[in-house]
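I set out to record what could be looked up on contacts, strands and pockets. The entries follow in the order in which I made them.

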Amino acid sequence: MKCWWSAPLLLPVLLAPRVGAAGPAADPGELAVSRGDLQERLVLTGELDAVSAENLTVPRTPLWQLQLRWLEVEGTQVRAGQKVAEFDNSTFTAALNEKRLAALQAADDLEKLRAQNTMTTADKAFDAEKARAEVEKARLVAALPRDSLPERDWQENQLDLQRKQVAYAKAKDDLESQQKSAALDAEVKQIALEKSQREIREAEKAIRDLELRAPRDGIVVVGEIPWLRRKIEVGDTIGPGLTAVSLPDLGTMRVKALLSDVDDGRVAAGMKATCTIDAYAEHPVEGVVREISPVAREPNQTSQRRAFDVIVDLRDTDRERMLPGLSVKVEIRGRAVHDAITVPRGAIDFDSVPAHVRSADGRTITVDVDLCDAQLCALRQGGEANLAVLPPGLHLRAAGEAP
C-alpha cells in the first residue's frame with residue numbers, strides 16, 4: 001500500500017490508443033490493418049503539490065550546519081505555535097553556560113571597579129579640597145600689608161601662597177585625571193559586560209530558533225534535500241535556508257510530474273491532461289500543462305535516467321482529498337489524427353530505412369508513419385494511395401518474423 005507522502009516513481013512513458021468508429025478496430029494480436037482515429041496519450045507519474053505554502057527553513061546561526069534532532073511525522077495536523085522540528089542545541093547550551101559565567105564575572109569586575117574608583121575619586125576630591133583650603137589660608141596671610149611685616153616674612157608669605165596654588169592646581173588635575181580614567185575604565189568594563197549580555201541573548205535566540213513552530217494551523221509536509229532527492233530525516237546535517245517543514249495552502253493544488261528525457265518534445269505547455277489520484281481513482285480531475293523544465297535531471301543520485309519536471313495546473317481542488325504528496329497518474333492528451341489507416345506497431349520494421357511492413361502473403365510494403373501509440377501507428381495521410389496497398393483488414397506479419 002502506498003503512503004500518501006511517498007515521492008513519485010518515474011515510470012516508462014506509455015502510449016494508449018484512441019480508436020474511433022470510422023473503421024473496424026484492429027486487434028493487435030492479429031496484426032491486421034484498420035482505419036480509425038488515433039490520439040497520442042502519455043501517462044506520467046507525479047504527486048500533488050501546493051501552489052503556495054508556509055516554509056519553515058533551517059535557521060541561520062553561528063554554526064554553518066545543524067543536525068536535525070526531532071521531526072514531526074509528515075501528514076500530521078498541527079496547531080499554530082506547535083513545535084514541528086527541533087535541531088541539536090548542545091553546542092549552544094554549553095556555550096550559553098560559559099557566556100553566563102563570563103557575564104557574571106564582567107558584572108562583578110564592573111562593580112568592583114566602580115567601588116574602587118569611587119573611593120579613589122573621593123580621596124582625590126578630598127586632597128583637592130584640602131589644597132583649596134590651604135590656598136585660601138595662604139591668601140589671607142599673603143594679603144597682610146607689606147609694611148606691617150618684616151620684608152623677609154612678607155616675601156615668605158607670597159612664596160607660600162604660590163606653592164599652595166601650585167599644589168591646589170596639581171590636586172585639581174589629579175582629580176580630573178582620576179575622574180576621566182575612572183569613566184574610561186568603567187566604560188571598557190561596561191562594554192565587556194554588554195558584549196557578554198549580547199552573546200547570551202544571541203545564544204538564547206539561537207536556541208529558540210532551533211525549535212521550528214507552526215505559524216498557523218495546517219498539515220506538516222517534510223522538506224527535501226535537493227542534491228539527494230529525498231525527504232529530510234532525523235539525524236541529517238543541513239545548512240541554513242533549506243526548507244525543513246512546510247505548511248501548504250490546500251486551497252490551490254497542482255501536480256508535479258516527471259517526463260522521461262527520451263520523450264522530449266512530446267509534451268508542451270497548454271496540453272490538456274487528466275489527473276487521477278491513486279487513492280481516489282474514481283474521481284479524476286482535469287488539468288492543463290503549465291510549464292516544463294528546460295533541462296532534464298536525474299530523479300535521484302542512483303538513477304541512470306534523466307527526466308524533465310512537468311507542472312500541471314488543476315481545474316478543481318478538493319481540500320478533503322487532495323493532500324500534498326499523494327501519488328497521481330497524469331494522462332496527457334497530445335496530437336490526434338482522424339480516419340487514418342492504422343497498423344499494429346509490432347508489424348512495422350523501424351530498423352530499416354524506410355520503415356516497412358510485410359503482408360501475410362509475403363509482400364514488403366513501405367510505410368510513412370505519422371503518429372504512434374503503444375499499440376498502433378497511424379500512417380501519414382496523403383490521399384487514397386495507401387488504401388490500395390494497405391486496405392483495412394489486411395493481415396500483416398510481425399516485424400522480424402522470417403518470410
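**Entry: salt bridges**

I looked up glutamate 111 and found it partly exposed, at 48% relative accessibility; I took buried as under 20% relative accessible area, exposed as over 50% and partly exposed as in between, with a 1.4 Å probe and protein chains only. The model is predicted, so I noted that local features need pLDDT of at least 70, that side-chain atom pairs count only at pLDDT 80 or more, and that totals for chains, interfaces and linings use all residues. I number residues from 1 along each chain as its sequence is written, and side-chain values use heavy atoms, with hydrogens and water left out.

Glutamate 111 forms a salt bridge with arginine 114, the closest N and O atoms being 3.5 Å apart. I applied the criterion of a side-chain nitrogen of Lys or Arg within 4 Å of a carboxyl oxygen of Asp or Glu. Both residues lie in helix H1, three residues apart, about one turn of the helix. Helices here are DSSP runs of H or I with at least four residues, strands are runs of E with at least two, and both are numbered from the N terminus. Arginine 114 is partly exposed, with a relative accessible area of 37%.

I then asked how many salt bridges the structure holds. The count is 38.

I examined the salt bridge between the side chains of glutamate 204 and arginine 100, at 3.0 Å from N to O. This pair links distant parts of the chain, with glutamate 204 in helix H2 (residues 151–209) and arginine 100 in helix H1 (residues 90–142), 104 residues apart. Glutamate 204 is partly exposed at 27% relative accessible area, and arginine 100 is partly exposed at 37%.

I also recorded the salt bridge of lysine 164 with glutamate 134, at 3.2 Å from N to O. It links distant parts of the chain, since lysine 164 belongs to H2 and glutamate 134 to H1, 30 residues apart. Lysine 164 is partly exposed at 22% relative accessibility, as is glutamate 134 with a relative accessible area of 29%. Salt bridges that share partners join Arg69, Lys83, Glu86 and Asp88 into one network.

**Entry: rings and charges**

I counted a charge as over a ring if NZ of Lys or CZ of Arg is within 6 Å of the ring centre and within 35 degrees of the ring normal. Arginine 146 lies over the face of tryptophan 154, at 4.2 Å from the ring centre.

**Entry: second largest pocket**

Which helices each supply at least two residues of the lining of the second largest pocket? H1 and H2 do, and H2 gives the largest share, six residues. The lining has 14 residues, and the closest to the pocket centre are Pro62, Phe92, Glu202, Ala203 and Ala206. I used a 1 Å grid over the protein atoms alone, a pocket being an open set of points where a 1.4 Å probe fits, with protein on both sides within 12 Å along at least five of seven lines; lining residues have an atom within 4 Å of a point.

**Entry: sheets**

I noted an open sheet of four strands in the order E6-E5-E3-E11, with antiparallel pairing. Strands count as paired if DSSP finds at least two bridges between them. Strand E6 (211–213) and strand E11 (237–238) each have a single partner strand and stand at the edges, so one side of each is left without a neighbour in the sheet. Strand E3 (residues 66–71) pairs with E11 over two bridges in the antiparallel sense, and leucine 66 stands opposite isoleucine 238 in E11.

A further open sheet has three strands in the order E2-E12-E8, again with antiparallel pairing. Its edge strands are E2 (53–57) and E8 (221–222), each pairing on one side only. Two bridges join E8 to strand E12 (residues 243–248), and valine 221 stands opposite serine 246 in E12.

Finally, I followed strand E17 (residues 327–344), which pairs with strand E1 (residues 34–50) over twelve antiparallel bridges. Leucine 44 stands opposite valine 330 in E17. Strand E14 (residues 272–277) pairs with E17 over five bridges, also antiparallel, with threonine 274 opposite glutamate 331. Three bridges join E17 to strand E21 (residues 376–379), which run antiparallel, and threonine 342 stands opposite alanine 378 in E21.
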